[in-house]
Amino acid sequence: MSLATDNGCLMAFSCSCVAGKAFCNHIVALLYQTAHYLQLGVKAVPPPLACTSDLQRWHRPRTQGIHPELVSDVVVRKPTTGGKSGIRSTLFQAYSGPFPDPDLMAAGAKLREVQPQPLIALVLDGLSDIRLTPSKFGPVPHGSPLSYHCPPPLETSNDIILHHLAPEFPALPLPLHQNHLSNLDFVPTLHQQLHLHSLQVSPQMASEIEKETRQQSKCPAWVQLRHPRLTASRFREACASWEGKADPAAAAKALAGQMIRGSRKQTAAMTQGLQMESEVLTNYAEFMRVNVLSVGFVIPPEAPHLGASPDGRIYDPSESPPFGLVEVKSTTKHDASQVAHLKRENGYVSLRQSHRYYWQVQGQLAVTGLEWCDFVTDTESNLYIERIWRNDSFILKMKNKLDLFYYNTYMDVYLESH
């Protein structure tokens, strides 16, 4: 490469690469390097130096923007942002007593009186004055590994509390009315017996499942527990699977397959319902002056092949009993006259008992053991609320049909697909 001495223009160039006679990247790089040497005032190309001949640089940060900070504020994460990132602690609380131990805290004052003073007295001296911070296991010393490796769980509850002195909501499902969920007399095969045995839950286990699945669709366990069971939202379809069909057995089998496969399509009403549910529940709570609590997947121990996921648990101090449920349906309709599941009689708007939503509500009451459920329909112009009470005779007839569908059709289709 040759340059003009007066104006620095490129006069001629040549390269041994494939581009050869063309203006290749090597020539461009050489021009940049020459310009760099010119700016530095270098008269000749400096010889390359080995790394051992240069000054050490280990004390210099490799990247910009690194500042000293507390260890407790450092967050260690994987380089990828997809999925759940970060390091999780596998520690568990083996000690069941209060933390920190009050006897250990008081030992420091007693050991100070011992002469000669043991070394542990210096460690325990002033322990009661240590600043504590909340953690997964309770209060721990601020700055300790537990304080930043095991932070307290985040509060993700969407509960709406208007009555702060309300009594604790009873554990679901309630033992009351479970005699209405007695199972159909059925002689299973060995494969069916093993499957039914895998569905069984104790009352304590059912209560824990409800508590651990209150995030509903955001909880993987919620999806897994629903799959082998009939859920309240499909009770009407399951009970009417053979009605008006030329081949009832084939129709029931097709419905069972569709339930097991599920549907990934969301209608406009379903999308709006998911987006507006929180706002609708807030308006409902303010209007009715009730507490709205989250609820998980409820499995009745007497009928573990059934389940329900209401939209919320309700505490209404003006009602007897004060504990109930709420089910929300959001629509894109203007008012109640355009909503298919509602009817207007004598100036009152109510849910049609022939509609699948009524079966869903009665199914939720049967599974949970509660007495009433507020059915809320949200339209563009108004909010319609109906308190639906438990109908035991309706539930008994529905339960018999659900057993026939599950034991004769659904279970076999589920086992074949798994």
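Predicted model: local features only at pLDDT ≥ 70, side-chain atom pairs only at ≥ 80, totals over all residues.
Residues are numbered from 1 along each chain as its sequence is written. Local features need pLDDT of at least 70, side-chain atom pairs count only at pLDDT 80 or more, totals for chains, interfaces and linings use all residues, and side-chain values use heavy atoms, without hydrogens and water.

Thr 368 belongs to helix α11, residues 356-368. Helices are DSSP runs of H or I with at least four residues, strands are runs of E with at least two, and both are numbered from the N terminus. Beyond residues up to four places away in sequence, Thr 368 touches Leu 172, Pro 173, Leu 174, Val 298, Pro 310 and Leu 325 (heavy atoms within 4.5 Å). A polar atom of the Thr 368 side chain lies 3.4 Å from the backbone nitrogen of Leu 370.

Pairing requires at least two bridges found by DSSP. Arg 344 faces Val 349 of β11 as its opposite residue. The two strands form a hairpin with two residues between them. In the turn, Asn 346 has a positive phi of about 55 degrees.

Leu 3 sits in strand β1, residues 2-3. Its relative accessible area is 36%, so Leu 3 is partly exposed.

Technical notes:
Polar contact = N/O pair within 3.5 Å; in protein donor to acceptor, adjacent residues only side chain to side chain. Buried < 20%, exposed > 50% of the residue type's maximum accessible area, 1.4 Å probe, protein only.
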